Amino acid sequence: MTAGSREGVFSATSTDDAEYLVRLDDIVYSYAPDKEVLSGVNLGIHSGEFISIVGPSGCGKSTLLSLIAGLAKPDSGAIRWAGGMSRSKTRPLFTLVFQKDTLLPWLSVEKNVSFGLRYLDITKEEAAARTDQLLSLVDLSHVRHQYPGKLSGGQRRRVSLLMGIAPLPHVLLLDEPFSALDEPTRIGIHAELLKMTHEMGITTILVTHDIGEAVSLSDRVCVMSSSPSRVASDIPMSFEEPRDMMMIRELPGYQKSYSEVWRDLRLQIHPTVER
Amino acid sequence: MTSLRTRGDDAETTSDPASANTSQRPKRMSAWRSSTRGESVTVLFWQLVLFFGFLAGWEWLPTVPFLSKHFLFFQRFFISSPIGVAKMVFYLATGKNYIATIWGPLGHTLSAALGGTICAIISGAVLGLLFSHNAYSYRIFRPFIVALNAVPRVAIIPIIIILVKSAEMTDAVTAFTVVFFLVFFNAFEGGRSVPIEVIQNVKILGGTAATVLWRVRWRYVLAWTFASLPNAVTFGIVGSVTAELFTGSSGIGQILIAAVDEANAALTFGVVTVLTICSLLLVMGSDVARRRLLVWWDGGGR
């Protein structure tokens, strides 16, 4: 996938179905009859894109991921996959990396990483080779036989990420997976994540409250309004590819994009403050 | 492929040979290990001080006229002495001094206790797993389970005797009734403790309800069941001996009844000592089994 194909400006109101891998049409969702959290969310994601969703606390960012993952059903609206895509025997439609730890503590690191592969129609040799490749990509080969309880926070997050990436999903859903990590560790994992998703052609949707993370990783950043929320703005990020995660924050365009996202987010949090 | 790691990322890892600060690690680890070892020695020291202090007090305090005169608790007749108990344990073990050996009754009691305990552990763990997997069923059965648990076991021993028509089986069934609920509630809590995100993740990765039951929830149930093993073993022995005291037909309970009838404090404490040693050994054994089988659990620091 080329960088150019990742930089198209997205229109939240576009109706061109063929363009999108997955499209959310007018999604409405309520926790309770009088507690609507999502109020007509329209969003389309192109194949191979990396998009981030930011928004005020409680605006339903994680709920949106749960809806895409099928963990909850919208009250109205639809989630449409390109060409009626569904989970295949060799590649799942999506996987989800949670904010909380979902590693299985009785399995070694490598068995955690390959856990999702047992449900795919691939040989043991293929599964082992893919696990090896992923572990070496994030430099975890030396702890492959250890239990998760022996790992550091950064290593555990890496293994969680690999658990989601190993089945090579069409869409990788990330629900604030790096929020508990220190900055250097987080930047290291960002670089690894970008490298893996680019190399494997995985579309990624990241929910985060960290604007810097969203700007540095994404092709587009969607800012949600306050609850009951919708997509308030959709801001394209243009950086030279491949991105250097260690240096991206030094680029002049970074600060401009950061300010743009922050301004839109601030307007959702404090709508009375002048733009 | 290039590695994209950052400095200090693995600083908390306990066994990462490739860590950047390797020069500091051996010293720190060595200091930590020696401090842990030192702490263990101190703990053992205080345990020995308490044990021998207790024995010394038991031996010496009844010789104080004031205490033995004013407190029944300090009279040799009622509490014997450590030396007298040690002699009795020797006689019980060897059959000397016209005392029958304890091995036969002890074997009877322990086999009944272990039989009942093992059955209770298996059934408690399986039922705990099934109920934890199906919260709706548990809501229906909960009041009945709690009510059954509240029934005093001693009160139903006569019913058990009538039902099973055998003293040996009564011991095992009583042990079962005592241990079952302990294991069941532990297993149930273990099954319910699986984070919802773990279950959702397994399902998203392709797992079915059966996968969640046997590959995920069962592991948590096993861990919590093994955690209850030391208590289960002790409770099993207590249940079995209680039944023997009630029926008075065999096992350690029969010897205890005989000792009380003869007002033989040394025999009573001797039998209790043997039973305590056996319980301690079984608890230590179950603890070793738990550690071996649940390496990952200890690895998680829980």
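In this predicted model, three strands of chain A make up an open sheet, arranged in the order E2-E1-E4 with antiparallel pairing. Strand E2 (35-46) and strand E4 (76-81) of chain A lie at the edges; each has a single partner strand, so one side of each is left without a neighbour in the sheet. From one strand to the next, the twist averages 15°.

The pairing of E1 with E4 can be followed at residue level. Strand E1, residues 20-32 of chain A, runs antiparallel to E4(A), and five bridges connect the two. One point to look for in the structure is A:Arg23, whose bridge partner in E4(A) is A:Arg80.

The view now widens to the whole chain. In total, the secondary structure of chain A consists of seven helices and nine strands.

Of the 275 residues in chain A, 47% are buried, a residue being counted as buried if 20 or more other C-beta atoms lie within 10 Å of its own. Taking the contacts in chain A between residues at least 6 apart in sequence, 74% join residues that are at least 24 apart.

How values were computed:
Residues numbered from 1 in each chain as written. Chains lettered and ligands numbered in written order. Predicted model: local features only at pLDDT ≥ 70, side-chain atom pairs only at ≥ 80, totals over all residues. Pairing = 2+ DSSP bridges. Helix = DSSP H or I, 4+ residues; strand = E, 2+ residues; numbered from the N terminus. Axes fitted to C-alpha atoms, helices over the stretch in contact; angles between N-to-C directions. Buried ≥ 20, exposed ≤ 12 C-beta atoms within 10 Å, placed from the backbone. Contact = placed C-beta atoms within 7 Å.
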